[in-house]
Amino acid sequence: SHGAVESHSGVCHLPSLVLHKILDPDMFCVCEIRDVVRLKPKRFGLDRHEALSFEINKQFTNKVIHKVGLCICLFDILDIGDAEIHPSDGGAHFRVTFRLLIFRPFIGEVLQGTVRSCSREIVSLGSFFDDIIIPPDKLRQGSFFDDNRQLWVWRYVDDQEEHDLEYNIDEDVYFMVDEEIFTDVPPRTRLETKKQQDEPITGRLPYLIKGKVDLDGLGMCEWWHL
């Protein structure tokens, strides 16, 4: 059934038909979609391909498509059907087959992000995609939360010497994708969207990535560059 999905950037309706995804061995894939795209009368004089590209990018860019991933941008247009004019609507409706560039890392993929914040409940990471968290049980053994500095610390013991390694804010971290969670979020009003900004990061997000750093080579980048 058709519904709506919402990211921190806005709302995007589910396309009419997701034909298939072409997966690459990294965090991006190309997804082929067939949908009806409406052109406003003021765009009738423009090149049809460029006008439709503009509308597709406006509709999908930086939006989450449920069970597909975060749309980065239009990749290409494969087919443009004939225009249809609906009663009481001056726009032209085209059935278009196109491909989108999608961000959706696979489980087990190692990525680099930045520590945005720390709390007792989570370590929040960001990159160009900000809905990434690491639960405390996925940190290295011996990690603890420092209430004074409001940071997570890994206490590493080497030859009976203790070393405290911090998860410092705004510094880079290597993490492994451990779980992905899609939530079918209904459209929100502007007031509801403003209220959502005050909710915890694990609230009703359309796409949430849970990572882990409990393996060698994972954690703060500076730990492994010494």
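Which residues of the largest nonpolar core touch the most other members? Before the reply, some ground rules. This is a predicted model: local features need pLDDT of at least 70, side-chain atom pairs count only at pLDDT 80 or more, and totals for chains, interfaces and linings use all residues. Numbering starts from 1 along each chain as its sequence is written, and side-chain values use heavy atoms, with hydrogens and water left out.

Now the reply. They are Cys-118, Val-123, Leu-125, Tyr-167, Phe-175 and Val-213, in a core of 28 residues. A nonpolar core here is a set of buried Ala, Val, Leu, Ile, Met, Phe, Trp, Tyr and Cys residues joined through side-chain atoms within 4.5 Å. Buried means under 20% relative accessible area, with a 1.4 Å probe and protein chains only.

Which strand gives the most to this core? Strand 14, with five residues. Strand 14 covers 172-182. Strands are DSSP runs of E, at least two residues, numbered from the N terminus.

Look at Phe-175. Its contacts (heavy atoms within 4.5 Å) include Leu-125, Ile-132, Ile-134 and Val-213, not counting residues up to four places away in sequence.

There is a second, separate core of 20 residues. Among its members are Cys-29, Leu-39, Phe-60 and Cys-71.

On to disulfides, meaning cysteine sulfur pairs within 2.5 Å. The whole structure has zero. For Cys-29, the nearest cysteine sulfur is that of Cys-31, 6.5 Å away. For Cys-71, the nearest is that of Cys-73, at 6.7 Å. Cys-29 counts as buried, at 2% relative accessibility. Cys-71 counts as buried too, at 1%.

How values were computed: Buried < 20%, exposed > 50% of the residue type's maximum accessible area, 1.4 Å probe, protein only. Helix = DSSP H or I, 4+ residues; strand = E, 2+ residues; numbered from the N terminus.
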